[in-house]
Amino acid sequence: MSNQDDKDKATKQDRLIEHSYDGIQEYDNPMPRWWLLTFAATIIFSVIYLFNVGPVGNGKGRIADYEDDMKAFATAHPAPSGDVSADKLLAMVKDKEELHEGEEVYNKYCTSCHRMDGGGLIGPNLTDNAWIHGGQITDIYKTVMNGVLEKGMPAWGTMLKPEEVEQVVAYVASLQGSNPANPKAPQGALVTP
Ligand code: HEC
């Protein structure tokens, strides 16, 4: 390159702008092409993304996507219905196999708060006849289904399968009067079954 070329390029390219901030001056060179292209691409992508068209989403738009997800979730986790017949639950209490299934659910999810033998720990004693939320088997079912969130009892209706809830409720009912050692003191009202 000749000296002249260098000079031409220098006048076009690296021309200092007049102003100076804190003694710092800058050139007014254009952004590099690759940078501009990337920038333009992000703007184009954002428009495609916003309307969720073919290549980015499924083309239905994000609101429909959200509603689909919520619907799928609702089907997978049916809302607690609370409509189970006491007769069905009471029959399950007499069914060894159902109780066995219930015991497995209990051992997996409930012992950390209600103790292995139901004697109570963080949660109340489930073997005595004092109940905070009612001791009829349908009351127990509702408590297990809906939980008592503000007190730390989870809503199992959204986590367990419907038959698992029924089985564990039957199992809890079967613990009545089992008198485990060192139980938690009775809480709630006495219920005669
Ligand atoms: C994270 C702790 C925790 C777990 C796990 C838990 N519970 Fe509870 N449970 C509690 C607490 C705390 C209460 C008391 C709620 C209150 O004071 O109102 C309770 C209350 C109950 C009651 C009502 C007792 C009454 O006196 O009315 C039943 C029935 C019950 N739990 C069953 C279960 C079953 C069945 C499971 C397992 C599927 C389970 N719990 C798992 C903490 C727990």
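So, how much of this chain is buried? Of the 193 residues in the chain, buried ones make up 26%. Buried here means under 20% relative accessible area, exposed means over 50%, and partly exposed is in between, using a 1.4 Å probe and protein chains only. The areas themselves come from the Shrake-Rupley method with a 1.4 Å probe, and for residues only the protein chains shown count as cover.

Quick caveat before I go on: this is a predicted model, where local features need pLDDT of at least 70 and side-chain atom pairs count only at pLDDT 80 or more, while totals for chains, interfaces and linings use all residues. Residues are numbered from 1 along each chain as its sequence is written, and side-chain values use heavy atoms, with hydrogens and water left out.

Okay, the layout. The chain has eight helices and two strands, and starting at the N terminus the order goes α-α-α-α-α-α-β-α-α-β. Helices (H or I, at least four residues) and strands (E, at least two) are DSSP runs, numbered from the N terminus.

Let's look at helix 2, residues 33-51. With 19 residues at 1.5 Å a residue, helix 2 should span 27 Å, and its end C-alpha atoms sit 28 Å apart, which agrees. The expected span, by the way, is 1.5 Å times one less than the number of residues.

Now the surface. There's a nonpolar patch made of M31, W34, W35, L36, F39, I43, V47, L50 and F51, and together they have about 930 Å² of accessible area. One of them, W34, is in helix 2, and W34 counts as exposed because its relative accessibility is 59%. Remember that an α-helix has 3.6 residues a turn, so residues three or four places apart point the same way. What counts as a patch? Patches take residues with over 30% relative accessible area and no salt bridge, joining like charges within 9 Å and nonpolar side chains (Val, Leu, Ile, Met, Phe, Trp, Tyr) within 5 Å.

There's a negative patch too, built from D95, E97, E101, E103, E104 and E163. Asp and Glu count as negative and Lys and Arg as positive, while His and the chain ends aren't counted. The place of a charge is NZ of Lys, CZ of Arg, CG of Asp or CD of Glu. Helix 5, residues 96-109, gives the largest share of that patch, four residues. D95 is in the loop between helix 4 (86-93) and helix 5, and at 32% relative accessible area D95 is partly exposed.

How many salt bridges does the structure hold? Two. A salt bridge is a side-chain nitrogen of Lys or Arg within 4 Å of a carboxyl oxygen of Asp or Glu. One joins the side chains of E166 and K88, at 2.9 Å, N to O. E166 lies in helix 8 (residues 162-174) and K88 in helix 4, so this pair ties together parts that are 78 residues apart in sequence. E166 counts as buried at 10% relative accessibility, whereas K88, at 41%, is partly exposed. In the other bridge, the side chains of R115 and D117 meet at 3.0 Å, N to O.

Last stop: the loop between helix 8 and strand 2 (189-190), where we find N179. N179 has a positive phi near 45° without being a glycine, and N179 is exposed, with 68% relative accessible area. N182 is in that loop as well, with a positive phi of about 45°.
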